[in-house]
Amino acid sequence: MKKWSEVALGVVTSIGGFLEVGSIATAAQGGAEFGFQLAWVLLLGIASLAFLMEMTGRLAAVSGRTYVDLLRERFGVRFFLIPLVAVFTVSLLVLSAEIGGVSIALQMATGMAFRWWALPVTFIAWLLLWRGTFGVVEQGTAILGLVAISFAIAALKLHPQWTSLGAAFIPSLPSHDRARYWYLAVSILGASITPYLYLFYSSGAIEDKWTIEYLGVNRVTALLGNMFGGVLVISALVIAALVFAPRHIHVDRYEQLALLLTSPLGRAGFVLFLGTLCITCFGTTLEIALALAYLLAQGFGWSWSENLKPDKDARFSAAYSVLLLVAATPVLLGMDALALTNISMVLTAASLPVTVVPLLVLMNDGDTLRRHVNGWISNVALIVIAVLSVVLLFAALPFQIAGGG
Amino acid sequence: MRGLSLVHDVLDAQLVDRNEEKIGRVDGLLLEVRDGEPLRVATILIGGAVRAERIGPWMTWLRRTVRRMARQPDERVSRIPFSAVRRVADTVQLDVDGERLESGHLERWLAARIIGRVPGGSEERT
């Protein structure tokens, strides 16, 4: 039954999808400005990510190979350059936003300006990656991430109207500020469905030595992991809708987010919020730093594993070390963390097609997946996600201009 | 006889050496041209310069410029005879020692000069 402890991989991945700084911030902004109305966008993000995780996990379990590995081999270096540059750039930006998220949480806890936290936070993240095995990083983040359950408790304590929340899962148009509404919808999707998540997940499946016997585990992991993250991010939206919206509070500073849990949970809520922000952003920092190193190592055929001695995969280890430092720089320079978050979420949304569309080809490749190729449900889902991703690509910039800020 | 597609099965495939260590990818393939003899696949190429050529002249130019600025003008490309291929499957195994390949220069340099010298760099993880 040891197999089932693999659910940790799904939980970690979904923390990176739904509970890091980007998702908490965009869901709270959505709730504050439009009440429950944007809940359907979250549901769409949760379902999309669950499908993408299941597929890249299945790919890894059946073929013993990661998504990036197959992307380079099947599509050739010329095409590979496009997802490589797009995912690399966007993920590096998000990595900065996450380091910013941890630093902001520490600033709120201590009063010391967030820029001073950038280097200590980055150093601890690096040290964990340098010394810890994949299992330590994975299980540690999953267990500590449970603190985020405080969001669900807070949401329940506020007694939301279940019927109006349920109704919000059906898409609807806003009565005011349409541009802002769609801008937030794009940001929420960008914050939830991020390429580094499934790069990390499929590499994690290889690190954890998944085989074809793990197909069931993979399905349950993708589902449970996303339910965990999904319920909690919906809670964040619900809380913002019930605490911020009636008071007409617009979230334009991170400090305001801390009020999310103080209203329903009091002083303890403040501590729990900071703990959640700190841990989930830190976990996501580890996740993205690894995902970036996996991307480069697998794309260029370097030796890679978070379980080897660092000098046995020197380029891989050097990659996450240098990239962590690069990502810490904007935070160190005191860049506005919320602005950084919003920009990187919109760009992430725009970068989706280059990784989602090739997946459609790979998931139907009988040479690789044999009889485990996509069935019609997965294919319909993937086509919907692909179309959605192309819409996001073209919508991201106009909505950023019309509804951002 | 079973056909092997050079583009589908060999080009861009993960390369491993005789110890199953990952040593890069098949960045390029060369045909051997000799008078009076049929063409044959002769060489596997590994290296950034080969990749850059396949991407386009602009990438070759970009690479050269960056390398000049970094004062690293030498291109380190490995040329391995196709006869060293032992197996073509998910990975392509070569009967070579990865430690001696020119294209592994950066890996060895980083391991010896930087990564291995940082505390914990050559120790088992916990």
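This is a predicted model: local features need pLDDT of at least 70, side-chain atom pairs count only at pLDDT 80 or more; totals for chains, interfaces and linings use all residues.
Chain A contains 19 helices and zero strands. Its radius of gyration is 20 Å, close to the 22 Å given by the globule rule for 405 residues, so chain A is as compact as a globular protein of that length. Along the principal axes, the C-alpha atoms of chain A fill a box of roughly 55 × 45 × 45 Å. Of the 405 residues of chain A, 59% count as buried. Among contacts in chain A with a separation of 6 or more, 86% are between residues 24 or more positions apart.

The contact between the chains takes 25 residues from chain A and 28 residues from chain B. On the side of chain A that touches chain B, at least two residues each are supplied by helix 4 (67-110), helix 5 (115-131) and helix 15 (314-332). Helix 4 of chain A provides the largest share of this side, with seven residues. By class, the residues on the side of chain A that touches chain B comprise eight nonpolar, eight polar and nine charged.

In chain B, three strands form an open antiparallel sheet in the order 3-4-5. Strand 3 (28-32) and strand 5 (78-81) of chain B stand at the edges with a single partner strand each, so one side of each is left without a neighbour in the sheet. Neighbouring strands of this sheet are turned against each other by 30 degrees on average, direction ignored. Strand 4 (residues 40-46) of chain B is joined to the antiparallel strand 5 of chain B by four bridges. Ile44(B) stands opposite Ile80(B), which lies in strand 5 of chain B.

Notes
Residues are numbered from 1 along each chain as its sequence is written. Chains are lettered from A and ligands numbered from 1 in the order in which they are written. Two residues are in contact if their C-beta atoms, placed from the backbone, lie within 7 Å. Ala, Val, Leu, Ile, Met, Phe, Trp, Tyr, Cys and Pro count as nonpolar, Asp, Glu, Lys and Arg as charged, and the others, Gly among them, as polar. Two strands pair if DSSP finds at least two bridges between them. Axes are lines fitted to C-alpha atoms, for helices over the stretch in contact, and angles run from 0 to 180 degrees between N-to-C directions. The radius of gyration is taken over C-alpha atoms; the globule rule is 2.2 Å times the number of residues to the power 0.38. A residue is buried if 20 or more other C-beta atoms lie within 10 Å of its own, exposed if 12 or fewer, and partly exposed in between; C-beta atoms are placed from the backbone.
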